[in-house]
Amino acid sequence: MKKIKINRRNFFRNLLYWSLTLQFIYIIFRLLKPGEKNTDLEKYYDAGDISFFENGKMYPFGSEQFYLHRLSDGGFLAVSSRCTHLGCTVQFNVNHNRFECPCHASAFNTNGQVLSPPANRPLDFYPIIFKNNHVLVDINHPVKRNRHESSQIKYV
Ligand code: FES
């Protein structure tokens, strides 16, 4: 049997070699692992800097199918533009200060509450969070509701 001689210098050199190799493999694994880079925050739509939104104004996000309402008291409400009757896209009428559906004439107030049928429940809303002074809207999770409640409004 052949005897393997390990001196202190070789021992520490091998220890350093294997330590660096394992760290390298770990880093590569972390970078390539699918879904690892996706955080919950990446699922939110960044509507923009909080300071951009003036109190008492409605901001359309047509491509994302919602309106961001900055209430007169500074609160935020993200309202879906999908009509709760049969799903047509409502438009915000600035002159009448309400949402109007072009299909069957349902109307909703600025909080999404029904003003005129045939729709019989408010427009859906989207959860909002604030991060780094930005308004982030969870556009993948519309919330159905039977009535508008103040808890649906988010404050900075
Ligand atoms: S789809 Fe909007 S009123 Fe019918």
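Trainee: Is Cys 83 buried or exposed?

Mentor: Cys 83 counts as buried, because its relative accessibility is 5%, and please keep in mind while we talk that this is a predicted model.

Trainee: And Cys 101, buried or exposed?

Mentor: Cys 101 counts as buried too, with a relative accessibility of 8%, and the cut-off that matters here is that buried means under 20% relative accessible area.

Trainee: How many disulfides does the structure hold?

Mentor: The structure holds 1 disulfide, and the two residues that it joins are Cys 88 and Cys 103, with a distance of 1.9 Å from S to S.

Trainee: What does that kind of link consist of?

Mentor: A disulfide is a covalent bond between the sulfur atoms of two cysteines.

Trainee: Which handedness does the link of Cys 88 and Cys 103 have?

Mentor: The link is left-handed, with -95° about the S-S bond. Cys 88 sits in the loop between β4 (76-80) and β5 (91-93), while Cys 103 sits in the loop between β6 (98-100) and β7 (107-108), so the pair ties together parts that are 15 residues apart in sequence.

Trainee: How accessible are Cys 88 and Cys 103?

Mentor: Cys 88 is partly exposed at a relative accessible area of 22%, and Cys 103 is partly exposed as well, at 37%.

Trainee: Okay, stepping back, how many helices and strands does the protein have?

Mentor: The protein has 1 helix and 11 strands, and if you follow the chain from the N terminus, the order of elements is α-β-β-β-β-β-β-β-β-β-β-β. Of the 156 residues of the protein, 33% count as buried, and the accessible surface comes to about 10900 Å², of which carbon and sulfur atoms hold 54%.

Trainee: What share of the contacts joins residues at least 24 apart?

Mentor: That share is 43%, taken among contacts between residues at least 6 apart in sequence.

Trainee: Where does the predictor have its lowest and highest confidence among the elements?

Mentor: Among the elements, α1 has the lowest mean pLDDT, at 69, whereas β7 has the highest, at 98. For the protein as a whole the average pLDDT is 87, and 85% of the residues score at least 70.

Trainee: Which residues is Leu 115 in contact with, leaving aside its neighbours within four places in sequence?

Mentor: Leu 115 is then in contact with Arg 98, Ala 107, Phe 108 and Asn 109. Another pair to look at is Leu 115 and Glu 100, which are 15 residues apart along the chain and whose C-alpha atoms are separated by 9.5 Å.

Trainee: What do the side chains of Arg 98 and Glu 100 meet in?

Mentor: They meet in a salt bridge, with 2.9 Å from N to O. Arg 98 is partly exposed at a relative accessible area of 27%, and Glu 100 is partly exposed at 22%.

Trainee: How many salt bridges does the structure hold?

Mentor: The structure holds 4 salt bridges. One of them links Glu 54 with Lys 57, where the closest N and O atoms are 3.3 Å apart, and both partners are partly exposed, Glu 54 at 45% relative accessibility and Lys 57 at 39%.

Trainee: And what does Arg 147 form with Glu 149?

Mentor: Arg 147 forms a salt bridge with Glu 149, with the closest N and O atoms 3.3 Å apart. Arg 147 counts as exposed, because its relative accessibility is 56% and exposed means over 50%, whereas Glu 149 is partly exposed at 32%.

Terms used:
Residues numbered from 1 in each chain as written. Predicted model: local features only at pLDDT ≥ 70, side-chain atom pairs only at ≥ 80, totals over all residues. Heavy atoms only, no water. Disulfide = S-S within 2.5 Å. Helix = DSSP H or I, 4+ residues; strand = E, 2+ residues; numbered from the N terminus. Buried < 20%, exposed > 50% of the residue type's maximum accessible area, 1.4 Å probe, protein only. pLDDT = per-residue confidence, 0-100. Contact = heavy atoms within 4.5 Å. Areas by Shrake-Rupley, 256 points an atom, 1.4 Å probe, with all protein chains shown as cover.
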